[in-house]
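The entries record what I looked up and in what order.

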Amino acid sequence: MDKPKIIKLLNPELKTMTDGRRVLDLQAEVIHWTAAPGQSALVTMQYCIYTTKHAYHNFVDRDGTIYQFTPFPIRGDHCGANVYTQAAISRFPNYCPPTDHRVIPHKNTPNNVTLGVCAAVEDWNGTMTDACYNSLVLITAKNIVKYNKKLDPLNDVLLHSFFTDEKKC
């Protein structure tokens, strides 16, 4: 396997995101996949910048290229839900309120304790190219080693669907 390229392509919204929003106690890495199967990570990054304002820490493209988008420990906006699953509420009680926060806004979100990685996929089932999958494994391992060696890859790497039934990824 060739070593993937890691490219810094920082979120232009960083100036408005550095208002003290930091991940202070990394407890998990959350894996997402793009909502545009077959598209490059760059398309999703543009969508995040100009539409949703979501901010993942890394994107992994279909060809295996890894993009650093939001530098850690700046808190990303990647792991929200209108209603959290019982598993998320139990595991992250201080960050996943047991209420619909469309009604009751809640500042403590899982984004405060997680790092988000988004992979470009081939279809709505989350199928990845071999290059994308291998780079996703690599960046996940690098993030754990660099930011919190106490994280357990078997228990602390979660899909976004762990937090909400609203997302398939």
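**Entry 1: the model.** I noted before anything else that this is a predicted model.

**Entry 2: the whole chain.** I looked up the helices and strands and found four helices and six strands. Reading from the N terminus, I wrote their order down as β-α-β-α-β-β-α-β-α-β. The chain has 169 residues, and 46% of them are buried. I then looked at contacts between residues with a separation of 6 or more, and 71% of these join residues 24 or more positions apart.

**Entry 3: helix α4.** I checked the length of α4, which covers residues 130–147. Its 18 residues, at 1.5 Å a residue, should span 26 Å, and the C-alpha atoms at its ends are 26 Å apart, so the two values agree.

Next I asked which residues of α4 are buried. My list reads Cys-132, Ser-135, Leu-136, Ile-139, Thr-140, Asn-143 and Ile-144. The general rule I have for such a list is that an α-helix has 3.6 residues a turn, so residues three or four places apart point the same way.

I also asked what covers the buried residues of α4. The cover includes the strands β2 (28–33), β3 (58–60), β4 (66–68), β5 (114–119) and β6 (157–159).

**Entry 4: Asn-148.** I moved on to Asn-148, which sits in the loop between α4 and β6. Is Asn-148 buried or exposed? Its relative accessible area is 17%, and buried means under 20%, so Asn-148 counts as buried. I followed its side chain and found that it reaches the backbone nitrogen of Lys-150 at 2.9 Å. Setting aside neighbours within four places in sequence, I found Asn-148 in contact with Leu-26 and Asn-143. Asn-143 was already in my notes as a buried residue of α4.

**Entry 5: the second largest pocket.** I looked up the second largest pocket, which holds about 230 Å³ of space. It is lined by 13 residues, and the closest to its centre are Asn-58, Gln-68, Asn-143, Lys-146 and Tyr-147. Which element gives the most to this lining? I found that α4 does, with five residues. Both β1 (6–8) and α4 supply at least two residues of the lining.

Definitions and conventions. Residues numbered from 1 in each chain as written. Predicted model: local features only at pLDDT ≥ 70, side-chain atom pairs only at ≥ 80, totals over all residues. Heavy atoms only, no water. Expected span 1.5 Å × (residues − 1). Buried < 20%, exposed > 50% of the residue type's maximum accessible area, 1.4 Å probe, protein only. Contact = heavy atoms within 4.5 Å. Polar contact = N/O pair within 3.5 Å; in protein donor to acceptor, adjacent residues only side chain to side chain. 1 Å grid on protein atoms, 1.4 Å probe; cavity = no way out; pocket = protein on both sides within 12 Å on 5 of 7 lines; lining within 4 Å. Points joined across faces, edges and corners; volume = space filled by probe spheres on them.
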